[in-house]
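Thanks for asking me to look this over with you.

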Amino acid sequence: MAWIALVVAGLLEMTGVAMMARLHQKKTIGSVALLVASFGGSFLFLSVAMETLPMGMAYAIWTGIGAAGGAVLGMVYYKESAAPLRLFFLGLIIASVIGLKLVS
Amino acid sequence: MKEWSLLVVAAVFEVMWVIGLKHASTLPEWGLTVVAIIISFGLLIRSGKNLPVGTAYAVFVGLGTVGTVVTDAFLFGQPLGLLQVLFIGLLLVGIIGLKQSTKEENG
């Protein structure tokens with residue numbers, strides 16, 4: 001159950017990042033609501049997952065899904081640059097965050 | 001350039017609310033934590049106007065994580081291991097590299 005909550009939290013975070021891009025394209029109250037609901041829901045599910053899973057690991061997986069997924073969604077749906085060098089540095093950041101959360 | 005400065009400030013407020021979530025116990029402390037959450041996300045969203053959101057978010061999370069680990073070490077006396085220092089170094093290399101290889105759109 002905690003694992004499902006964690007994956008849902010990550011997916012909602014990833015959606016939240018995409019909704020940031022949407023907000024800049026369509027400045028409507030609907031975009032704001034989607035953004036707040038995504039991040040809000042994400043935190044809610046993360047806290048449920050953390051009741052049973054170790055905190056560092058839960059954070060690492062949550063951040064990994066959210067940041068990597070958000071970057072991919074941005075590239076696919078919002079035409080953000082997917083130059084190889086950018087992918088490399090993005091990957092380096094996300095891998096380091098996951099590493100830091102796991103060892104902390 | 002301005003967008004990257006916004007991200008740094010957003011990350012500072014992120015560190016503040018992470019500390020708040022961990023240590024807040026009184027109503028004013030919780031109030032400040034909520035204010036810090038609103039400011040950090042506000043700045044993050046603002047920086048996504050001229051930066052790719054995937055980039056802005058990864059840098060936001062990265063700087064926030066470094067800030068939290070460093071604050072834990074210096075303010076709350078948590079030990080800082082060799083592996084942590086290594087990951088912090090890699091993370092900063094990633095952020096600087098990403099900044100150099102990202103073009104800002106002027107919206």
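**Notes on the two chains**

1. Let's begin with confidence in chain A. Among the elements of chain A, helix 3 of chain A has the lowest mean pLDDT, 90, while helix 1 of chain A has the highest, 94. Here pLDDT is the predictor's confidence in each residue, on a scale from 0 to 100, and helices (H or I, at least four residues) and strands (E, at least two) are DSSP runs, numbered from the N terminus. Averaged over chain A, the pLDDT is 92, and 100% of the residues score at least 70. Chain B averages 90, with 95% of the residues scoring at least 70. The model as a whole scores ipTM 0.90 and pTM 0.90.

2. A word on the ground rules. This is a predicted model, in which local features need pLDDT of at least 70 and side-chain atom pairs count only at pLDDT 80 or more, while totals for chains, interfaces and linings use all residues. Residues are numbered from 1 along each chain as its sequence is written, and chains are lettered from A and ligands numbered from 1 in the order in which they are written.

3. What is the secondary structure of chain B? Chain B has four helices and zero strands, and along the sequence its pattern reads α-α-α-α. The C-alpha trace of chain B spans about 45 × 35 × 15 Å along its principal axes. Of the 107 residues in chain B, 40% are buried; a residue is buried if 20 or more other C-beta atoms lie within 10 Å of its own, exposed if 12 or fewer, and partly exposed in between, with C-beta atoms placed from the backbone.

4. Contacts come next. Two residues are in contact if their C-beta atoms, placed from the backbone, lie within 7 Å. Among the contacts in chain B with a separation of 6 or more, 71% are between residues 24 or more positions apart.

5. After helix 3 of chain B comes Gly77(B), with a positive phi near 65 degrees.

6. Now to where the chains meet: 29 residues of chain A are in contact with 27 residues of chain B. On the chain A side, the elements giving two or more residues are helix 1 (2-25), helix 3 (55-77) and helix 4 (84-103) of chain A. Helix 4 of chain A gives the most, with 13 residues. By class, this side has 18 nonpolar, eight polar and three charged residues. Ala, Val, Leu, Ile, Met, Phe, Trp, Tyr, Cys and Pro count as nonpolar, Asp, Glu, Lys and Arg as charged, and the others, Gly among them, as polar.

7. Look closely at one helix pair. The axes of helix 4 of chain A and helix 3 of chain B come within 10 Å and cross at roughly 30 degrees. Axes are lines fitted to C-alpha atoms, for helices over the stretch in contact, and angles run from 0 to 180 degrees between N-to-C directions. Residues making the contact include Val97(A) and Leu100(A) from helix 4 of chain A, and Thr65(B) and Val69(B) from helix 3 of chain B. By class, this contact has eight nonpolar, four polar and one charged residues.

8. Is Thr65(B) buried or exposed? Thr65(B) is buried, because 28 other C-beta atoms lie within 10 Å. Leaving aside neighbours within four places in sequence, Thr65(B) is in contact with Val97(A), Leu100(A) and Lys101(A). Leu100(A) is also buried, with 25 other C-beta atoms within 10 Å. Not counting residues up to four places away in sequence, the residues that Leu100(A) touches include Thr65(B), Phe87(B) and Leu91(B).

9. Lys79(A) is in the loop between helix 3 and helix 4 of chain A. Lys79(A) has a positive phi of about 55 degrees although it is not a glycine. With 10 other C-beta atoms within 10 Å, Lys79(A) is exposed.
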